[in-house]
Amino acid sequence: MTDKPHLDQEALAELQDVMEDEFDILINTYIKDSSDRIAHLRSALDQDDADRFSKSAHSFKGSCINIGAPRLGELCSEAEKAGRENRLVEAGAMVDAIENEFRQVEQTLRGFLE
Amino acid sequence: MDDSLSDNRPLRILIADDSDSDRLILKTLLRRLDHEVADARNGQDAVDIFRESGADIVLLDALMPVMDGMEAAHQIKALAGERLVPLIFLTSLSDADALARCLEAGGDDFLTKPYNRIIIEAKINAFNRMRLMHQTLSQHRDLINDRNRHLLEEQEIAKRVFDNVAHTGCLDAPNIRYHASPMSIFNGDVLFACPRPAGGMQILVGDFTGHGLPAAIGAMPVAEIFYGMTSKGFSGSDVLREINQKLGRILPTGMFCCAALIQADFHLNQLQIWNGGLPDGVLLRTSGEQETITSRHLPLGVLAAARFDAGMEVVRTEPGDTLLMMTDGVMEAENRHGEMYGEERLKRSLNDTGNAGSPFEAVIAGIHAFTGKQPEQDDVTLLSLEMVEEAELAGVSERLPQSALEGPAEWHCVYEIQDRSLGQFSPLPLLLHICMEVPGLRRKSGEIYTLLSELYTNALEHGVLGLSSDWKATPDGFGRYYAERERRLQSVSGHFIRFSLTHTMTARGGQLAIVCEDSGSGFDYRDLSAVGDENGYSGRGLMLLRKLGHSLNFREYGTRAEIVYDWQFSEVAAREGSTNT
């Protein structure tokens, strides 16, 4: 589906540098935030709300890009596009893919925490 | 200058992003750059925080719940008003249309995710410089506005003071018409008119070099001297000499006053004109003929007293003749194409007088047709003086300023003027001044001046110089008379004219006794034809005396004239009103 890496090691290293002691908080915040967003995506899907689905995917994409999870960001981008184009039929599978990718990212990120 | 303008102060930055992790990253990045950060989770919170505590720079996520970045940008810009609050959109948007919409919504720039701290720092610094520059410009603009308002207020006050000192005198006399811009004082133009105690009037048209307050300041002493001296009876030449000397002393080099002084005598039907640097004046005869009054002198305030020529041109006139004088503003009035009105157009306007009603109206109409401007907008100063019968101006001279001081009532003085001074100095203003110290005589200054002037002129011209008044009957003789007068004055020797003035109080008012003696050989004062001749001896003074019922006596073969002038307290005069005024 995409050949982007799960995690951008370089971006993560820079974040560690910027955040210093707060890096752990950032990772935890991101993980919590992302879980919420996946729940949002599912709820939007249940309510057949393409607009909300697209916006949630857009915001999720932004934070994934910032944290250094480009493959997850790419999946969100595709979901955003599907939402915008009102293709919610395919969207269920997309959310599954997003969730799977997120589990992997989460696992790797937790490895950074002490 | 306040703190916000110093470059190294921490900036107060407001950020709004609904993503907790993104907000955390950005906040940490900015804090590490030593800025103070306030953060909001959506557009509405951002607007509330901004309203509450403001911010130097705002970073907004474009898509947020509750209120999105576009709407928040709109509201924050409205709250900021005139202040420049740089507004940067945070976005993972990638298509050009969406980015352009951010800027249309009031954004100044955007930052794309993932954040790059070097780019963020560079943009924050760039926008801070812009913000500071805007702030500096706004402050300068406010300062300039403030100064300008202040200056206008000062000018308004200065104008009020100036209007009191340099009032328009008798410019409202029925034979005068003029145009001057309401704030003309600040373009350096002055226009004064003052009745002379002996009748007639003096008018000064002036144009100072420069504009604004410097030009107005020079005009103050000119007004003081002009009104002060004219109302005391000084001649135009005396006024000119005094003004020239004063301006020479007080004005900086390169600043002077182009001016024309006009002394109008309606009784003699004669104009005396001095033009120093103003455009040519025009005398329009009732016959339709136009005579040019050219500048023959340097402006006032240029030459030292010794080199200054205050000699005035004498022009015989007839009732109905009109003199037009103007400042450069008339000649230089410009139309849309930058062309100037000029002499040729002035002449054409004057030839059109028949249609316009009067020469004054013809010129004003001509200027405005040429420039296309309203009269109020221009810097034009134009004066029109019509020669009229003296009787038409009755009442104009009664407005001479009065002093409120109590004066002496019982006094006697003798003033003798001798030889060369007879030709160079007129004792009349001084003598009038002495008489005017008596409050009851002040309202009579015109009559007193006429008496003194008639006595002095007679003593000088007929007594000392031995001139015959018959010459003045013809225009040729008129010129010869004055030429001869000048010639004889040069060689006066061993002569004097002596005034003895005595004032006493009476039950009903006061009495002024004037004795004028001269060193001439006398004349036959019993010759009634001389006494009855309007142009001859004491024509007007005698007529006036007879009318007022005062006494006039000649002794010593006509070398001694005695006048007794009675005046009454105004209550007495009012009580007996109809009987002998």
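User: Which residue is the bridge partner of L14(B) in β2(B)?

Analyst: Good place to start! This is a predicted model, and in it L14(B) has A38(B) as its bridge partner in β2(B). Now step back to the whole strands: β1(B), residues 12-16, pairs with β2(B), residues 36-40. They run in the parallel sense, over 5 bridges.

User: Which residue does L14(B) stand opposite in β3(B)?

Analyst: That residue is V58(B). The strand β3(B), residues 57-61, runs parallel to β1(B), and 4 bridges join the two.

User: What do β1(B), α1(B) and β2(B) make together?

Analyst: They make a right-handed β-α-β unit, with helix α1(B) covering residues 20-32.

User: How many residues does each chain give to the contact between chain A and chain B?

Analyst: Chain B gives 16 residues and chain A gives 19. On the chain B side, the largest share, 8 residues, comes from α1(B). That side divides into 6 nonpolar, 4 polar and 6 charged residues.

User: At what angle do the axes of α2(A) and α1(B) cross?

Analyst: First the general idea: two packed helices are described by the angle between their axes and the distance between the axes. Here the axes of α2(A), residues 23-46, and α1(B) cross at roughly 155° and come within 8 Å. Angles over 145 degrees count as roughly antiparallel, and that makes α2(A) roughly antiparallel to α1(B).

User: Which residues of α2(A) and α1(B) meet?

Analyst: From α2(A) come I25(A), L26(A), T29(A), Y30(A) and D33(A), while α1(B) brings D20(B), S21(B), L24(B) and I25(B). By class, this contact has 5 nonpolar, 2 polar and 2 charged residues.

User: What is the phi of D34(B), and where is this residue placed?

Analyst: D34(B) has a positive phi of about 70°, although it is not a glycine. You will find D34(B) in the loop between α1 and β2 of chain B. D34(B) is exposed, with 10 other C-beta atoms within 10 Å. N269(B) sits in the loop between β9 and β10 of chain B, and is partly exposed, with 17 other C-beta atoms within 10 Å.

User: Which residues does a cis peptide bond join?

Analyst: The bond joins K113(B) and P114(B), with omega about 0°. P114(B) is found in the loop between β5 and α5 of chain B.

Methods:
Residues are numbered from 1 along each chain as its sequence is written. Chains are lettered from A and ligands numbered from 1 in the order in which they are written. This is a predicted model: local features need pLDDT of at least 70, side-chain atom pairs count only at pLDDT 80 or more; totals for chains, interfaces and linings use all residues. Two strands pair if DSSP finds at least two bridges between them. A crossover is right-handed if, with the strands pointing away from the viewer, the path from the first strand over the helix to the second runs clockwise. Two residues are in contact if their C-beta atoms, placed from the backbone, lie within 7 Å. Ala, Val, Leu, Ile, Met, Phe, Trp, Tyr, Cys and Pro count as nonpolar, Asp, Glu, Lys and Arg as charged, and the others, Gly among them, as polar. Axes are lines fitted to C-alpha atoms, for helices over the stretch in contact, and angles run from 0 to 180 degrees between N-to-C directions. Angles under 35 degrees count as roughly parallel, over 145 as roughly antiparallel, 65 to 115 as roughly perpendicular and the rest as oblique. A residue is buried if 20 or more other C-beta atoms lie within 10 Å of its own, exposed if 12 or fewer, and partly exposed in between; C-beta atoms are placed from the backbone.
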